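Try each task before reading its solution.

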Amino acid sequence: MTTLQPRGPYSQEELQQLYPKGLELRLVQVLLRHGERSPVSARFQNAGLHAYWPYCAVARQMVSPTYEAGEGKWSPMQWRKRLETFGSNDNPVVVSGPGGDVDAICNLGELTDKGRETTWELGRRLRHLYVDQLQYMPAMIHDADMIYLRATPMPRALESLQQVFWGMYPSKARAASFPPVTIITRAPADETLFPNDSNCRRFAQLSRAFAQRTADRWNGTDDMEYLNKLISKWMPESSKRVAVDSHPRLSGIMDTVNSTLAHGPQTRLPKEFYDTKGRKIIDKISVEEWFSGYQESQEYRALGIGSLMGDVVEQMVGSVEQNPNDQHREVGGKDGSLGKGRGGEKAIKLALRGCHDTTLAGILASLGAFDGEPWPPYTSHIAFEVFKKSGLQAHASTQTKAEAPASSSWFGSLFGSASSKTISTGIARQKVETLQESDRSKLDGYFVRIRYNDKVMSVPGCKAAGKHLEGDDSFCTLEAFKSVVDKYTPANWKQACRSNLDAPAFPEKPEPSGY
């Protein structure tokens, strides 16, 4: 899939069904794939496709904060970006686009003007739903400290997140004194907002094994032969046949095809690449290669997406238990402080996370909610919504104190203060089956619902009686939803990534997702 074709706004009748009386919206978490981008690698130049694309007007208007040491202040430096590459004699040459343009040229994998437009439009749609229709979020904000913003280290994910936020709260909806927003990022080695096979050795093993299984299953089939008749003439001499594991890989071919379809006629491949049957074959096989592991292996789920889903559930449970040490607590606030927003906010109402196609499909597949779905289009999003039964008394804030480290030496105070404290996250990171009844009862009367590109999705483990809202199994009880996610939330992701390196890649018996 390429550019998302979003549905129109919900009608009043749809809203009444989706947000029924008797339930109050308590927390919204949106995970969004970045917008349209250029391909991550230059492919098929022998088919007339230019390596660098002229769709990034931001290159003409770059701004960087720059420190003026003499005056001791920061000031914006405006600059223009041009790309350079190797010339025919290995000499440096300035990159130009298909029409000879040297400005507005996109780097590989860069968010394009179209991607900025569609992510801004996603923000506008979120505003229409949560501000205009539901009155859940305020129409005007004086700061963003009730909103949790996080993105992966990929610039296109961060920029897409910024576009969505600006679309949801444009200049007319922000106070004149609006302060800088807080956006959370992580070092690449700590990143779990996408399946991080570069920094998780065991997950890399598993993903290679499932990819090889897909190659063994499909490379000799009639479907693959059909693709070879279509496009093998443009494959490189070193890898003439199209295959799951060819160079470029089948999923890489799909990446280029989808990127070209999302943009203008200057960057198009020959018509054979857009054959309807061929594209369906490529999508079907690529989805199996990348996401079948989540549907079949608990270890795959745990290492690929489990840590992130643990964070998602922690915010949900934190919104119920009101534990100030959960991610539910305020992460904005005045410089140098946490826990209280600049407008007095103490809780998160909305979370926006800028991520990737592999994030969204991994989440849904791990919940048993991705069967039959195509590859996530650009600007796809998942909304996790937490509801509370009307009239249910909210829990008082759990005042949990952080325990001091056993050793208070000067060395520990310098280098161990952050990591040596034991922070209690209440019941959020405890398995449901280990909770005392008094703690488990805190989850009663709360429900979780998932919408993917505005379509309601169901979790199979929530279909049994007592595990969903009566009459609608798309509303999981929070306890049932947490129980499903608990099964693949790792206690220590980094340690798990270093474990089982000599173990078989495939589970001994089926481990279906969503239960």
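**Exercise 1.** Is the link of Cys200 and Cys497 left-handed or right-handed?

Solution. The model is predicted: local features need pLDDT of at least 70, side-chain atom pairs count only at pLDDT 80 or more, and totals for chains, interfaces and linings use all residues. Residues are numbered from 1 along each chain as its sequence is written, and side-chain values use heavy atoms, with hydrogens and water left out.

Step 1. Cys200 and Cys497 form a disulfide with S to S 2.1 Å; the term stands for a pair of cysteine sulfur atoms within 2.5 Å.
Step 2. The angle about their S-S bond is -100°, and the link is left-handed.
Step 3. Cys200 sits in the loop between strand E7 (183–184) and helix H4 (201–218), while Cys497 belongs to helix H14 (residues 493–497), so parts 297 residues apart in sequence are tied together. Helices (H or I, at least four residues) and strands (E, at least two) are DSSP runs, numbered from the N terminus.

**Exercise 2.** Find the handedness of the disulfide of Cys56 and Cys106, and say whether these residues are buried or exposed.

Solution. Step 1. The sulfur atoms of Cys56 and Cys106 are 2.1 Å apart.
Step 1. The torsion is about 105°, so this disulfide is right-handed.
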